[in-house]
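Dear colleague,

I am passing on the structure below, and my notes on one helix packing and on some salt bridges follow it.

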Amino acid sequence: MADWRSFDPWFVFLSTAHALRRRAERDAPAMGATYGVAAEPLPFQISTVRRILSDVRIRHLIADEVGLGKTIQAIMILNALHSDNPGHQAAIVAPERLLAQWHEELWTRGHILGHIVDDTDRARMSAWRERKAAGEAVPPEDDPAVRHMGASVVLLRPRDVADQPDWLDPVRQHMLVIDEPQSIPREVLDRLQLKADESRNDEAAFRQLLILSATPRLGDPAWRDIIYGLLEPEQMRLAEDAGEDPSAWLDRHEKEAARNLVGLASHELEAQGAVAFRSHARTRRISRQTRAEWGEYFPVRNCTTCLFEPNSTEIERLDLIRTLIASRVESASTSLDAAMWTTVRGLLRSRRSVREAIDRLNIVIPGMAEVRQAAVDDFGDSRLDALTDILAGIFGAEKDRLKAGKPIRQREKVVIVAGDSGTIDMLETVLPRWFPELAEGGIASLRRASTATDSTFEDIRAMQEALEPFLTGNARVLLLGDWIQAGLNLQHSARNMIFYSTPWDPQAIDQLTGRIDRLSKASIKAGGKGNSLPPLIRVWRLIMRHSPEEGLSEAMDALEVFERPVPPVSEDAWAEVNRLILHMVSGSGGATILARLRDIRDTWSARGLASQLDHFAPLTHQRIVNEAQKVGEIAQLLSLAGEEGASAAERTETANADWLKASEKAGGFLFEQGRKDFSLPPRRYAGFWYASRQTEPPFLLQAMDKDREADDKVALLIHRRHLSVPPIRTVQASSGGGTPHDLRFFEHGDAIHDGLCQGWLDFGLPVFGDGLQGEIVVKVGDGHPALALGGRPVAMTIAATRLRAPPPPINNSDFGAALDWFPQTARDSYLAQLGEGVAADHRWLQTQLPSRLRVRASVLKGQDWEDLDRSQIPALLRARPNPEDRTRISGTLQKLRLNVDPVFKRHLDEIDNEFNALRSGDLKFAVEEWKRRLKVIDHDARIFAQVFRNRAENRARGAATSMAALRRGQVEANERREALVGLLAQARTRIAKDLIAAAIRDRTRVTLHACVRFVAPENL
């Protein structure tokens, strides 16, 4: 590390002060790496993530409604865990269509480079295993085995897990993330459940589990068992041992816990109720937030039903449909997926779809041939006419604005749900004839692939290429089949959706509408500012009169499917809904059917997610709001005048930009804002690099290779408002092309950010922490606010609290003989479980005893030190308090001629008094919370031990067989496992108690001091 005297002392102090601020913000309430994602985390997201990270173990389902940002929350969790432990690894299993989105957002939002496992990797990995079996020790650098082992996140398709489960490695990977489990084959979920079950003898299992699903189908007994088999494997095993239905088992224990609360005093009820929820509630590991609770952050839906009259040819089709329904209604009366209804839907779409539907019929119906021939000869299409009228209104409104001289901020784009490939083909051909602006690249389409290729990358690339013209290019229309549902985020590109063909499944409508009705940059901004006019999305559905669609539309209106998201309900409820819809489309429905649908709408709720103990759930709306108000306390403390209306994120970003500027002014680094991006469209970014090869930086950053040319500056995105929608991975630094640069979001979790933070603390604390080296004289320009102090000395103190570091990793010696009974792999697995428990307790304690930062400054007036008003201090701690002032600022170190120890002591006494008052309240609450937490830990340990106890008892009963010796060995092994579970729980409790005791005993504080005089250059 370089000599600090070679650098500007004032900016070294400022840079170190900023680093201390960032370290404190990382460990402050609801901030840290959780808040470090390139998005504007919303209150419910912050609270959900905080709850999961601080729970006794990470084993949770995030079941928020469609569009509430489940992926963002998962990335927040991964970023926090990876920031705490750079060696943290995860495996994400998701439907193939979601892998590209995950891969992009892990980097653009969460600083995490993921690796998508491809078929090519699978073949080469198999080859490496063969070489390894033959004695080869180290794979070559380009082998996928190296990328796999080194990747922070491995992204897997379900078929990867089915065909080659070795990609899942709980020994090395800490967390398993399962996205959209309802779209994953059952046999794959069974395999994932085995990989995540820590009660399976001595095999390693994932210590952390996260499931994401807006529709987990917990009302369906089969799916409920799958989800709870992942979330609560020990409970499911005990239910099986008892011969009980798992749901009945959970209900019984929940009711018993609820009965034990009856008669308690109010203060006891709150404490014991919280323990009961965290131990026994079936929703204790499930989080669900709805739009009804957070509607201010979402757009408003404007839904329009367009009823159009059929033409003469289409009337003949309707006659054919009625004949078909009359002849086949008995055989198709139980399911809307029956072949007859598929034919009916085809007859209501394009002329090509009509021909294909008739060709699939295996019966002859009077008039069928004439209808088919008319679909060839007659070019009339009332549905197409209705569509073009809507499009003409959308596009025409823009032309009217232009004629009136009004600007168009963004050209309207439209998503059209076409139904099937034949209809997509037709619309691609016909629409440019009506709207010439769509002729050259104005239409994008996404079709269902006929077959998957041998390469995941090729399949993903094909989907990306199909969407790219609409997402970032000039395409104004996107044509979709109604099979497109989860994993497609279109809210950044379009606010218009037209159901050219309305799906007959309410859940499909809900998912498709959710592609544009989601959290977006505009809606979050409106909600955060309290805007009374939130963004508007527009949805049209085209309904042919006198057709089955008319009954379908009435059914959807009764359910209000188009007006609001659909909650998760039981399979029985959906079966009844589908039966009622079938009556409506077949013409046998009426007022009674519609009344029943409205009753279902009024009573359905998240029944599969309810608990008798939900009253004691930690994530109440008011608690979430209260926690959100604590976000950004440090940023607010150090904010400048004029920043009052900024959000916590905006204040932090402004201070971070100043930090980078201070790092440059200190010497050794180069920071350039507003660098030109030669990509199309251009993005805003900043460059950061070492000043030159000749100038020694104060320290080196591992993420920046000093031997590279200065033109290869690291590209940084500092402000969320500059984030592209959707986010982009790279920028182009040169007009001549060349390799694009990765665009890094400068926040907690990014290697540049975290390296700069640690580097400045290591560099500056020895200089400004204990004893002063001298007085810093700072030359400032005429507009600098510090000149109002008249050049008098200013004593500055910055102090931050921090929690004691977590204990070192646990080793075998802590348990001695108890672990000696097990093979090495089992020892490692049990110790890993304990290590995760200890880490979870440390994360919890961090939420109870968050870091805080305080600043004091006093100016010398005569012989006395007079405290500065705290509102004056932030401007003194900025490298450039006024961004418009370009006057050069520089500092020099001179001999200290004042006795500043008394004023610094007074500063610290005042700060310590504040810290102690806050700490006293924090500790009191933490001790009470620990008592509750300990009961939950003990409960889970007893459940875990009971699994092995049951297993030992069951095997003991069979010890009289011919394999008695083997049985006795298995009994003894399970008895040892039961005993070891108790020892692990005791060790975890002891370590956590030591952490709390140290927090009570210690007053860990980091302090910076400086004596500064601000002068104009001519007064020096």
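In which kind of crossing does α1 pass α28? The crossing is left-handed, a term used when the near helix is turned anticlockwise from the far one by less than a right angle. Please bear in mind that this is a predicted model, in which local features need pLDDT of at least 70 and side-chain atom pairs count only at pLDDT 80 or more, while totals for chains, interfaces and linings use all residues. Residues are numbered from 1 along each chain as its sequence is written, and side-chain values use heavy atoms, with hydrogens and water left out.

The axes of helix α1 (residues 9–26) and helix α28 (residues 751–768) come within 8 Å and cross at roughly 125 degrees; helices here are DSSP runs of H or I with at least four residues, strands are E runs of at least two, and both are numbered from the N terminus. Axes are lines fitted to C-alpha atoms, for helices over the stretch in contact, with angles from 0 to 180 degrees between N-to-C directions.

Turning to the salt bridges (a side-chain nitrogen of Lys or Arg within 4 Å of a carboxyl oxygen of Asp or Glu), a search of the whole structure finds 64. Glu929 forms one with Arg278, with the closest N and O atoms 3.4 Å apart; Glu929 lies in helix α32 (residues 901–957) and Arg278 in helix α12 (residues 266–280), so the pair ties together parts that are 651 residues apart in sequence. Glu929 is buried, at a relative accessible area of 6%, whereas Arg278 is partly exposed, at 23% (buried is under 20%, exposed over 50% and partly exposed in between, with a 1.4 Å probe and protein chains only). Asp750 and Arg744, whose closest N and O atoms are 2.8 Å apart in their salt bridge, are both buried.

Best regards
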